[in-house]
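Opened the model this morning to look up a few local features. Jotting things down as I go.

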Amino acid sequence: KEMETEVASNVIAKFYSTDDEATGPPLDLPTAITVKQLETLLNEQILKNTERLPYTFYINNQEITTSIQQTLSTLPISVEETLKITYLPQSIFRVRALTRCSSSLSGHTAPIIVLAFSPCGKHLASGSGDSTIRLWDIYTETLYKTLNGHKEWVLCLAFSPDSKKLASASKDNTIIIWDPKTGRHGFRPLRSHKSWINSIAWEPFHKNPDCNRLVSGSKDGNVIIWDTVRCEVVRIMSGHSHSVTCVRWGGEGLIYSASQDRSIRVWTTDGKLVRSLLGHGHWVNSISLNTDYAIRTAYWTYKGEEITDKEQQIAAATAKYKTIKGENSTERLASSSDDHSIYLWDPEISKKPLVRLTGHQGPVNLVQFSNDGRKLASASFDKSIKIWDGKTGKFEATMRGHVGAVYQISWSGDGRMIASGSKDSTIKLWTVKTGKLVSDLPGHADEVYSVDWSPDGERLASGAKDAMLKIWRT
């Protein structure tokens with residue numbers, strides 16, 4: 001059989017999508033066929049794409065890098081059976097590695113705790129320990145508004161999916177809704193939490209195109225849904241016995257909350273508890289959905305092109321969400337904990353974890369799915385970042401190079417690179433495929449607390465304990 005694998009000059013093969021659906025008829029292919037030729041065949045003959053799209057191809061989860069022959073020679077597969085070739089669309093645009101700091105922006109008088117680019121890519125907001133939020137013009141790289149309203153550190157920032165509102169949450173137990181264009185805020189802050197707020201998330205656009213509802217999780221153990229127009233509480237969900245560290249509003253109408261009580265709870269928007277996800281042996285630090293990117297960016301393209309018609313906006317946001325989730329799939333949730341492990345869950349249908357991912361030697365403070373939901377990155381206090389398969393949880397690569405705890409990670413728009421910010425005061429760029437360092441971006445004088453990549457991949461913003469905001473360019 002092994003001899004046969006080496007000698008066979010032709011194979012019968014069939015293409016399958018990542019959802020395991022057969023595409024086109026079985027084909028008689030020469031084993032010498034290259035990746036480029038497979039791509040042409042798939043684009044022109046099978047999918048009949050009007051525009052040529054890039055793909056990667058796999059046999060038995062092993063990528064075809066040169067030709068089918070070369071991949072088959074490393075696998076114990078009989079060529080008498082129909083060969084299953086799985087194809088995976090890649091991002092159409094390519095983000096180039098960032099190499100230089102184009103601006104060092106001062107203004108904040110205390111550490112920058114949080115940064116956020118808007119889904120349209122036109123606004124950049126920074127929140128600081130000086131209790132202000134600053135809005136920056138990303139084209140001229142200058143300050144255009146300082147937002148005063150909080151009395152304590154600004155801990156969270158989140159732009160609404162339509163980019164028209166900015167929510168900020170603070171250590172003063174309040175949330176304020178701002179208009180990023182004018183800098184004006186709602187007629188009153190959202191008050192109800194008894195302690196500071198750790199996490200906020202907007203309702204997905206395809207579920208609520210008015211973008212007027214928000215969920216927050218606080219140290220007081222409560223999860224609250226807010227009406228951001230009336231500035232009032234819609235529902236309080238209590239049940240966690242310790243601080244709520246992270247909240248997510250899923251695309252299927254469920255709300256997820258992670259807590260220091262070691263549990264993740266799944267709620268309906270009516271405030272009913274659907275199930276508790278138990279498994280972690282210590283605080284749950286962060287959760288991420290494989291559809292996070294689709295929910296955050298709604299109908300915006302990576303270029304920030306605007307769709308003005310409401311119906312088209314809803315259709316585009318729904319299509320993006322469904323594409324990333326997969327037609328016949330459910331939403332995936334990843335959670336990370338101080339117990340050094342990560343769990344993958346299918347929270348819509350089961351309270352049992354799908355798989356436990358181990359390997360980190362310290363608390364895992366952050367997990368983040370790539371924009372297409374196919375990969376998962378984890379950042380840890382063991383100074384490393386690890387990449388996992390977003391579906392199976394299979395370990396793929398470790399990125400080592402930081403000499404301090406890794407606080408923050410951000411995926412590039414095309415999913416080919418990751419930026420990480422660390423206690424060691426540097427930002428590093430890594431290629432996801434190999435786990436190798438692409439560029440080292442020193443410049444901050446102290447610990448880097450926040451990094452965010454713009455949707456078009458042209459800029460990376462970083463904020464640090466030195467109160468400086470830096471913008472990095474290609």
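Predicted model: local features only at pLDDT ≥ 70, side-chain atom pairs only at ≥ 80, totals over all residues.

I began with strand β5 and its neighbour: Phe15 has Ile85 as its bridge partner in β5. The pairing of β1 with β5 (residues 83–89) is parallel and runs over 4 bridges.

Then I looked at the other partner, β2. Here β1 (residues 10–16) and β2 (residues 22–30) run antiparallel, joined by 6 bridges. I picked out Ala13, whose bridge partner in β2 is Leu27. The hairpin of β1 and β2 has 5 residues between the strands, and Asp20 in that hairpin takes a positive phi near 70°.

Lys48 is not a glycine, yet its phi is positive at about 50°. I found Lys48 in the loop between α2 (35–46) and β3 (55–59). Buried or exposed, this Lys48? Its relative accessibility is 59%, so I noted Lys48 as exposed, the cut-off being over 50%.

His340 went on the list too, with a positive phi near 75° in a residue other than glycine. I placed His340 in the loop between β24 (333–337) and β25 (342–345). Its relative accessible area is 32%, so His340 counts as partly exposed.

Which residues form the positive patch? I get Lys122, Lys164, Lys181 and Lys310. I followed up on Lys122, which sits in the loop between β7 (112–117) and β8 (123–128). Lys122 is partly exposed because its relative accessibility is 35%.

Conventions
Residues numbered from 1 in each chain as written. Heavy atoms only, no water. Patch = residues over 30% accessible without salt bridge, like charges linked within 9 Å, V, L, I, M, F, W, Y side chains within 5 Å. Areas by Shrake-Rupley, 256 points an atom, 1.4 Å probe, with all protein chains shown as cover. Salt bridge = Lys/Arg side-chain N within 4 Å of Asp/Glu carboxyl O. Lys, Arg positive; Asp, Glu negative; His and termini not counted. Charge placed at Lys NZ, Arg CZ, Asp CG, Glu CD. Helix = DSSP H or I, 4+ residues; strand = E, 2+ residues; numbered from the N terminus. Buried < 20%, exposed > 50% of the residue type's maximum accessible area, 1.4 Å probe, protein only. Pairing = 2+ DSSP bridges.
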